Amino acid sequence: MRVGIVGYGVYVPRLRIRVEEIAKVWGHDARSYREGLGIEEKSVPSLDEDTATIAVEAARNAMRRAPEVKPSEVGALFVGSESHPYVVKPTAATVAEALGLTPSLTAADTEFACKAATTAVQACLGMVKAGYIKYGISIGADTAQGAPRDALEYTAAAGGAAYVVGAGEGVVAEVEATYSYTQDVPDFWRRDGASYPKHAGRFTGEPAYFEHVISCTRGLLEKTGTTPKDYDYVVFHQPNSKFPLKAAKELGFDEKKLQPGLLVNRLGNTYSGSSLIGLAAVLDVARPGERILLTSYGSGAGSDSFSIRVTEAIDSKRKLAPPVMYYLEKREYIDYSTYAKCRRLFKER
Amino acid sequence: MSVSGVPRHWRSLRERYRLLGTYCENCKTSFFPPRKICPKCRRKGRTREVEFSGRGRVFSYTVIHVGSKTFEEYTPYIIGLIELQEGPRVLSQIVDCKPEDVHIGMMVEACFRKLFEQEDGGIISYGFKFRPVDDSWAEYYDRLLADRAMVEKT
């Protein structure tokens, strides 16, 4: 029995701010950020958009691509994010209600920096395989925080992706294997009550992102007895353009296999949505039989890797909802003051 | 809305999240907000819950330049009277649209947004708003596949 993705969908708010606009305010050299991070612009949520609204829009798109799934057949829904609107009150319950899936299902918010949703995909795969549920939904969505003036402000973006996990004929992408890699690493954190995360600067690279993304991917290759040559596409978590490019090179993946799912230059880092929106962009163009390797990364730190094989069902299902490219192109540029208003940077009292 | 508004928020939450209304099998009329009995047929009415498609057109609109305290950060914003495909008219904010671009007859679709937040860490109310219909996304697939064929050639 094939187990994997039966529907996928994304959502990206339409507002954008360019690197130059942010750099102008702080007196930074825009070119060094543009070239250093490999980023041109990032998405910004409107005043009335947050992780819950983004998750609902992405999940509705995912359900459009899974027309055979009846709401009553969805037994689990998880929302992975580091910007849940409430500290206590689950985003997942709001999303399940908005999709008409309630009350007979289990739901929870998951948290593991930027990999909270890939872990939830694993949970859904497990429950489907065990026969506990027929379908499960995992959503990664964020309105990412980055302190003003911090390097993170150039990349912290808003967006999300949703995946309906199930078995049988409707599977558009079979998950052949998954492997995870986790260690306690203090590279990036946000304490309770803090508005913005702190990060350990250069420390976020070698012992954090690269150690986990590369080791996890190697672990998956070893477990499945495959090599980079066996995959047509590779998608990594993308906090900037440089990190995934360097990881791909080190692992021996041709850069061409990374490009279709590498969107950070135009989207920014959507945290929990990052690698999963990248995967969606690959599913938008992939052909039946092609293989995709996906590795997420969450600070703190861990990675989840997936070996995915696209099935013939992709051709009829992908055209049922908007592709990632549509959301990247449907945009409206704002200046820094409008951005500051949307991100509620002004204190009124 | 204060904390005392929480019960009201909760009672109408499903219809706001999913645009749920009432359909009367007897007179074949749809209603929003939901009705316990059909206002036309009264005791002869046979009502059931219906989830609307979310598609409709702008029947009329106004642009708010001076909003109440809860909404003043959104100004100028559009309030539209939306006529749903199924018939009922719904009052809603129209988003992802500039005040100069809205017009009567414009096709709109429901989206899921934050409606307002109670002060001082109170509850967040979510629900439908409307945005202009944009079906142009279907054309992107032709472009994507053409791009792909180009890459494969080179």
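Guide: A residue is buried if 20 or more other C-beta atoms, placed from the backbone, lie within 10 Å of its own, exposed if 12 or fewer do, and partly exposed in between. The model is predicted, with local features needing pLDDT of at least 70 and side-chain atom pairs counting only at 80 or more, while totals for chains, interfaces and linings use all residues. Residues are numbered from 1 along each chain as its sequence is written, and chains are lettered from A and ligands numbered from 1 in the order in which they are written.

Visitor: So how much of chain A is buried?
Guide: Of its 349 residues, 56% count as buried.

Visitor: And what are the domains of chain A?
Guide: The assignment, which is automatic or from a database, gives domain 1 as 3–172 + 315–342 and domain 2 as 175–312, and the C-alpha centres of these two domains of chain A lie 16 Å apart.

Visitor: How many residues are in contact between them?
Guide: In chain A, 49 residues of domain 1 are in contact with 44 residues of domain 2, where contact requires C-beta atoms, placed from the backbone, to lie within 7 Å. The largest share of the domain 1 side, 6 residues, comes from H5(A), helices being DSSP runs of H or I with at least four residues, numbered from the N terminus.

Visitor: Switching topic, what about chain B against chain A?
Guide: There, 21 residues of chain B are in contact with 23 residues of chain A, and H3(B) gives the largest share of the chain B side, 6 residues.

Conventions. Contact = placed C-beta atoms within 7 Å. Helix = DSSP H or I, 4+ residues; strand = E, 2+ residues; numbered from the N terminus.
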